[in-house]
Amino acid sequence: MQNVLLEMKQIEKEFGQTKVLKGVDLRLDAGEVLSLVGENGAGKSTLMNILFGMQSIVSTGGYGGEILWEGQTVKISSPAQAMELGIGMVHQEFMLLPAYTVTENVKLNREITKSNLISRVLGPSMGTLDHKTMQQETKEALDKIHLNVKPDIQVGSMSVGFKQFVEIAREIDKKNIRLIVFDEPTAVLTDVESRWLMDTIKEITAAGVAVIFISHKLNEVIELSDRIVVLRDGELVQTLERGETDATGLARLMVGRNVDFSNIEGRPVEEIEKREVVMEIRDLKVSMPGEKAKSVTIDIHEGEILGFCGLAGQGKLAISNGIAGLYPSSGEVRYKGETLPFGNPLAVLKKKIGFVSEDRRGIGLLLDESIRMNICLLAMQIRNRFFRSFGFFKQVDTKSMKETADAMIQELGIKCTGDAQHPSALSGGNQQKVCIARAVVFSPDVLFVSEPTRGIDIGAKKVILDYLVRLNREKGTTIVMTSSELTELRTMCDRIAVIYDGKVKAILKPTDSDEKFGLLMSGIDA
Amino acid sequence: MKMKCRQFFEEFGVTRMIAVGFFLAIAIAVPVLHLNTLTLYSQALTRMAMNGVLVLTMVPIMVCGAGMNFALPIGIICGLIGGLISMNMNLQGFTGFFASILFSLPFSLVMGYLYGLLMNRVKGSEMMIATYVGFAVISAMCIVWLFVPIDNLVLRMQMGRGLRKDVVLTDFWAGILDDLCPVTIGGLTIPLGTFLFLFLMCFLVYLYMHSKTGIMMRAAGQNPGLAAANGINVDRMRIWGITLSTVLGAIGILVYAQSYGFMQFYESPKMMSFSAVAAVLLGGASNKRASIFNVIFGVMVFQGILTLSMPVANVLLPESNISDIVRMIISNGIILYALGKGSGKK
Amino acid sequence: MKTIKQFFSENLVVIFFALLCLGAYLIAGQAPYVVVSDLINRVMRNSILVLALIIPIMAGMGLNFGIVVGAMSAQAAIILITHWRMTGMAGIVVALLVCTVISVICGYLLGMLFNKTRGQEMITGMIAGYFGNGIYLLIFLVLFGTVIPFWDEELSIRSGIGIKDTLKMIDGMKGAMDNVWKLQLSQVLIAVFVLYTLYMAYCIVKRGRENRSAVKISVIKWLIWGAALAAVLLIPSVSAVVTRCKIPMITLFFVILVSVLCQFITSTKLGQDFRSVGMDIGIAEASGINVNRIRILATIFSTVIASWGQLAFLQNMGTFSTYTAQQNVGTFSIAALLVGGASIDKATVRQAFIGVVLFQLLFLLAPSAGTKIFNDTQVGEYFRTVISNGVIAVALVLHALNKNRKKAAQADSI
């Protein structure tokens, strides 16, 4: 019997109706590296949030299943409790205060104090800070990971890579640390820094601390892990021991869904590519936070359905957002021979290019207006529809709005009490339908749709996807769809572009193999 | 049904319910305590009418997303300037009143525009900045009033220089709307003229809010991100809303003054915004939503309480100055409630 | 050269107001003794109120307009001790205890309110001040003598309901703290210099051997200060002023005590928590700090210090208007702090003192300067309100601009 540190048994979690974890098991020994791999939305973050007792889990009804820590059943209900057990986390976004020094950050909320007259009366929180000891201990922690910086410099002035290591130093500095979770640590690092990080992780584990490593870089995962847990759609696909597989095998496990795409009936790519080019995208750069597009070049053909796939953070979402004018962009986009201006949504919309944003609750809906208004707004703004003229001023024409809205509600099967209801009370799927209805009422020639099925139930998913296909086939609308769900892209798209590191990695046919998709999405040439 | 009731009460809010209940209680108490019911009710109606336009200023500015208009003093100052110019020219009656509105327009348009520009640069902290910009403008104007050149000696302070603190409007256009066509029903006097003017203003604002600009303004106020993505110029919409609110503020103070009988300069407009904000909130508005109904209902309840609580309290607790206390507690209580609710949603 | 430029750009606000004060002084032409003694008086009674603002700023809650609530607690305490006929230091001590208790409760409630309106603390504080004012009026004007049995020959309104609107403290309470022990300004200056000398000697003995140049610099500093003090004492026109002006020592100690307390808190674990919460609530929360508790604590500290401040202020005045004395406390204290060069996210004890001195100097000079220029006393009065409201408005605008610019820069850099 080995020294089992952590065991998670049959972990389940649902947010509202959707089940995001469906009975996941994992086991971790002291001093071991366990990697979690899976597509976005596979449930990795949720699993780690459960382990860390995050508020987002606790406040939504907790989790199902059992967590064993050193053989004891524990119910982790707050980050503080997780820290007490000896679980640390190196976050993807830095949890560092830029105006503080390295020492102050490493010792955040674990400050060492000296007692004084007042603290003896009023308790330890009035104790004076012992800068000297804090400095010294920080130095020791920094030395452990070979980070050669002075403990008294401000963190804000450091490079991204160094910040990452300060985070690690903070975890190392905790005396009782037993397990550190690394959430995509190498995403922001240079190659040299990644190398250094991998060595550091090896050293940490050699000292007996266990590591959970979350990464999309399959080569790193293969090199580092003693054990790899593959998640897909909230389910445990397989647990692999070291040396059991290579990057290709891993990619297949991540992406594959046992659906045979090799003989789906689609339109032949050759024929699509012969059609007229409606939009030429050349060297498009979009600075969307967390989803940067670095140099995207692709042609969009008349009447096709083009898909953008890729992992989160690689920039697939930035393309449509950039073209729609929502984020600062550069490069060139020509639509029907004319250059599209950047940062000017109105000009783009006037050219009949529509956009359904992935940020449904953020910029997709007016939650306190009627469904009717939500559906008609864009057509009112761009095409001046739904107004009645009274001499020299115009007033809203509620009657024609109602007719149009009712028609859309019928067509998309939006479940609501009527067109006057506010969308805040609708389910995610019905909200999404309202967003799509708005873009359709404005009757665009080209429609960009981002993540149309994220977080919605299966019924609504099918309605939306079928509707988009029908729109394409019947009205000839060119559709560009960005999605994290490869399966749905492969069922409806004519061509699929894989976006990696802000660029088009390859353009594939829906019928190409699982491995090919998986490897390309992980940035490995197939 | 039970759920719906509860939801309705939650929406309506405890503070608001207390206020409405309080209003009903004192409205009933007036006849019960054998006070001069008809006179008091008439007074209450007059105060509702005279404050109406000032409260109406909240509609465009809240709808366009710039929050409660704590900078109402800016609009008020523009109205005072307009009134001052017209009185300085010794214009009387309707000419004087409408000239005042006309003269105030260029000021309120320019000030509203500038104020809108400022608000666009300080998104997220509008309310606090509006309050103190309002205070600062008022105190700066105090100095201006001291030095403003005046030809009409009635306006000048008896001793020394500068404008009077309160100018009596009897010789100009006091009660010009109130007395336009007062309706008396069995001793209850309704200042129909002022009400008609208020309704006219409400109707114009209603039309505006249902035009394309109005709709887009609503979208911009509710969800700036969505508005931008749909090709709406959010900043411009906000400037429209703020300017409209400032113009209405200028008209509002003139309506107020004709009914009140005085034009008050110097520091008196300082706290007016709080009452107006409180009234619209009482009427059911929230940070980003305000309708004509909220205005009418709110001003009715709020001014009703203020007018009627004083005599009622005097019967129960002689010689106490409860009206002011009630105003302070209710108006600030409802604003705090709205602030808490507004932040809670995020 | 660069450091001089930097000095100017960093202290722009202070320099501007210093020049304004100098100008006002020259125009006003008041006797130096009058100015200095009045200034001492004003600084002594206003400093603590300004110090009350520092902790909430540290905790990222901005300018605490809610100190008005603390001020009202102090007024309530004074009403009570006047009713109990307590005088002298005993009265002061009891008043301190009573107002501390009331302000802890008020501060707790205010803190809870701030937690409900995160990000809107300033406007909440201001409105809470007005709301509190209403409650205060309700208690002392309506409930006293009706619901709460109360009758006091001196305090009650004739009808028996409520407290009179001007509260005159009984004999022996006016200046109870101030009058216990007074020293000449010159003596205080000499005493301060002696302490400074001792401190420097201690530093040299303890660390001097390692660092020669540091010793040299501190000796030069000592010489400069010594020369300045000698000049003050020896130049007849100046020394006449300095020996005539009296400093209320107990009040001075109280002010020093509160500033040491503020300074002390910054160096404790609690102070570090205040700062962490102030910088980023999300990160503070993730690192296990109980953010809501820390913010409530900050508000309580601020409210309590404010109540002490108002107590010091009122005992100096002796008479105050029961229902309006607190109204301007917030605006004036905040304006003073900002004049001292503080901003909405950073303030130090030093800035508080510089601010109080400059702001009060401007306050006492403005009316007579205004009269000299415009032949009108009111101009100066209005000028004071323009300055206080204007300073706050400008500071708020600059802060918002800065915040929005930072946000944009952050979005760009990711």
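**Close-up views of a predicted three-chain assembly**

**View 1. A:Glu369 lies in the loop between α14 (360-364) and α15 (371-383) of chain A.** Helices (H or I, at least four residues) and strands (E, at least two) are DSSP runs, numbered from the N terminus. This is a predicted model: local features need pLDDT of at least 70, side-chain atom pairs count only at pLDDT 80 or more, and totals for chains, interfaces and linings use all residues. Residues are numbered from 1 along each chain as its sequence is written, chains are lettered from A and ligands numbered from 1 in the order in which they are written, and side-chain values use heavy atoms, with hydrogens and water left out. A:Glu369 counts as buried because its relative accessibility is 6%. Buried means under 20% relative accessible area, exposed over 50%, and partly exposed in between (1.4 Å probe, protein chains only). The side chain of A:Glu369 makes a polar contact of 3.0 Å with that of B:Gln222. A polar contact is a pair of N or O atoms within 3.5 Å; within protein, one must be able to donate a hydrogen and the other to accept it, and residues adjacent in sequence count only if both atoms are side-chain atoms. Contact means heavy atoms within 4.5 Å. Neighbours within four places in sequence aside, A:Glu369 is in contact with A:Asn374, A:Gln421, A:His422 and A:Pro423, and with B:Arg218, B:Gln222 and B:Arg289.

**View 2. Chain C meets chain B through 44 residues from chain C and 43 residues from chain B.** The buried area between chain C and chain B is about 3700 Å², and carbon and sulfur atoms give 74% of that. Buried area is the accessible area (1.4 Å probe) that two parts lose on being put together, summed over both. The interface of chain C and chain B has zero salt bridges. A salt bridge is a side-chain nitrogen of Lys or Arg within 4 Å of a carboxyl oxygen of Asp or Glu. Three residue pairs are in polar contact across the interface of chain C and chain B (both at pLDDT 80 or more). On the side of chain C that touches chain B, the elements giving two or more residues are α6 (88-116), α7 (121-143) and α17 (377-413) of chain C. α17(C) gives the most to that side, with 16 residues. By class, the side of chain C that touches chain B has 26 nonpolar, 14 polar and four charged residues. Ala, Val, Leu, Ile, Met, Phe, Trp, Tyr, Cys and Pro count as nonpolar, Asp, Glu, Lys and Arg as charged, and the others, Gly among them, as polar.

**View 3. Chain A meets chain C through 23 residues from chain A and 21 residues from chain C.** The area buried between chain A and chain C is about 2000 Å², with 64% from carbon and sulfur atoms. In chain A, A:Tyr100, A:Asn109 and A:Met126 lose the most area to chain C, together 25% of what that side buries. One salt bridge is counted between chain A and chain C. C:Lys269 and A:Glu111 meet in a salt bridge through their side chains (2.8 Å, N to O). Eight residue pairs are in polar contact between chain A and chain C (both at pLDDT 80 or more). By class, the side of chain A that touches chain C has 13 nonpolar, seven polar and three charged residues.

**View 4. Helix α15 (residues 329-339) of chain C is largely enclosed by the rest of the structure, because 10 of its 11 residues are buried.** Among the buried residues of α15(C) are C:Val329, C:Ile334, C:Leu337 and C:Val339. Just after α15(C), C:Gly341 takes a positive phi of about 100°.

**View 5. A:Glu273 and A:Arg495 join their side chains in a salt bridge (3.6 Å, N to O).** The pair links distant parts of the chain, 222 residues apart: A:Glu273 is in helix α11 (residues 269-274) of chain A and A:Arg495 is in strand β23 (residues 495-500) of chain A. A:Glu273 is partly exposed, at a relative accessible area of 41%. A:Arg495 is buried, at 3%.

**View 6. A:Glu338 forms a salt bridge with A:Lys351, with the closest N and O atoms 3.6 Å apart.** A:Glu338 is in strand β17 (residues 338-339) of chain A, and A:Lys351 is in the loop between α13 (345-350) and β18 (353-356) of chain A. A:Glu338 counts as partly exposed at 46% relative accessibility. A:Lys351 counts as partly exposed at 28%.
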